[in-house]
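Dear colleague,

I am handing over the structure that we discussed, and I would be glad if you could look through it alongside the notes below.

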Amino acid sequence: MATTVTDANLTVTITDSVTLNGQSYGNTNILTVASIDEVYQRVVSVPITTYTSLFELGAATGQGIVTAANCKYFRITNLDDTNYVNLKIADIATANYSFVVKLEAGKSFIMGGVSFIADGSDLGAAPTYTTTMEVQAVAVTDIVDLEVIIASV
């Protein structure tokens, strides 16, 4: 069976704008990523006290897993108007390293690909990046809804 899905461009537009004392500041930046043919999107209710897996970027595609080498963009947005969550980005290749980001109400965490490193030492100018990850979240004060979108080729 031949696919009927046609590749498309992903357009990401980020605009920031503020006016102070009559002077405008900010900019609009647009990124276009060609040949997107797979999108994963969902809203996840994140409980308190226990990390919940949002998705994996792994060696192969499966349920809740996107092939890491094909991932070109992902965004996680906190849909809550009051509460924050902790996002944990974990190295699944070695399970030794992770980092945590506090995602406040209404804010987003964006990565344009998969390469990252989390280590307790000085990384120097040319670190070796991890290319697979598990992304988890935990709410701290109350259940929080997160929107997740991943685009891959």
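The notes that follow take up the sheets, then the salt bridges, then a surface patch.

Please keep in mind that this is a predicted model, in which local features need pLDDT of at least 70 and side-chain atom pairs count only at pLDDT 80 or more, whereas totals for chains, interfaces and linings use all residues. Residues are numbered from 1 along each chain as its sequence is written, and side-chain values use heavy atoms, with hydrogens and water left out.

An open sheet of five strands runs in the order β5-β4-β10-β7-β8 with mixed pairing, where strands are DSSP runs (E, at least two residues) numbered from the N terminus, and two strands pair if DSSP finds at least two bridges between them. At its edges stand β5 (65–67) and β8 (98–103), each of which pairs on one side only. The twist from one strand to the next averages 20°, with axes taken as lines fitted to C-alpha atoms and angles running from 0 to 180 degrees between N-to-C directions.

Within this sheet, strand β10 (residues 133–139) is mostly covered, since seven of its seven residues are buried, a word that here stands for under 20% relative accessible area, with exposed meaning over 50% and partly exposed the range in between (1.4 Å probe, protein chains only). Both faces of β10 are covered, with Met-133, Val-135, Ala-137 and Ala-139 buried on one side and Glu-134, Gln-136 and Val-138 buried on the other. Strand β4 (residues 52–58) is joined to β10 by five bridges in the antiparallel sense, and Ser-53 stands opposite Gln-136 there. Strands β7 and β10 are also antiparallel, over seven bridges, with Ile-89 opposite Val-135. Strand β7 (residues 85–91) pairs with β8 as well, antiparallel over six bridges, and in β8 the bridge partner of Lys-88 is Val-100.

A four-strand open sheet has the order β3-β11-β6-β9, with antiparallel pairing. Strands β3 (38–46) and β9 (108–111) stand at the edges with a single partner strand each, so one side of each is left without a neighbour in the sheet. Neighbouring strands of this sheet are turned against each other by 10° on average, direction ignored. Nine bridges link β3 and β11 in the antiparallel sense, and Val-46 stands opposite Val-144 in β11.

Turning to charged pairs, a salt bridge is counted where a side-chain nitrogen of Lys or Arg lies within 4 Å of a carboxyl oxygen of Asp or Glu, and by this rule there are two. In one of them, Arg-75 pairs with Glu-147, with the closest N and O atoms 2.8 Å apart. Arg-75 lies in strand β6 (residues 71–78) and Glu-147 in strand β11 (residues 144–152), so the pair ties together parts that are 72 residues apart in sequence. Both Arg-75 and Glu-147 are buried. Glu-104 and Lys-102 also meet in a salt bridge, at 3.9 Å from N to O; Glu-104 counts as partly exposed because its relative accessibility is 36%, and Lys-102 counts as partly exposed at 46%.

Finally, Val-18, Leu-20 and Tyr-25 make a nonpolar surface patch of about 290 Å². Leu-20, found in strand β1 (residues 8–20), counts as exposed because its relative accessibility is 52%. Patches consist of residues with over 30% relative accessible area and no salt bridge, like charges being joined within 9 Å and nonpolar side chains (Val, Leu, Ile, Met, Phe, Trp, Tyr) within 5 Å; accessible areas come from the Shrake-Rupley method with a 1.4 Å probe, and for residues only the protein chains shown count as cover.

With best regards
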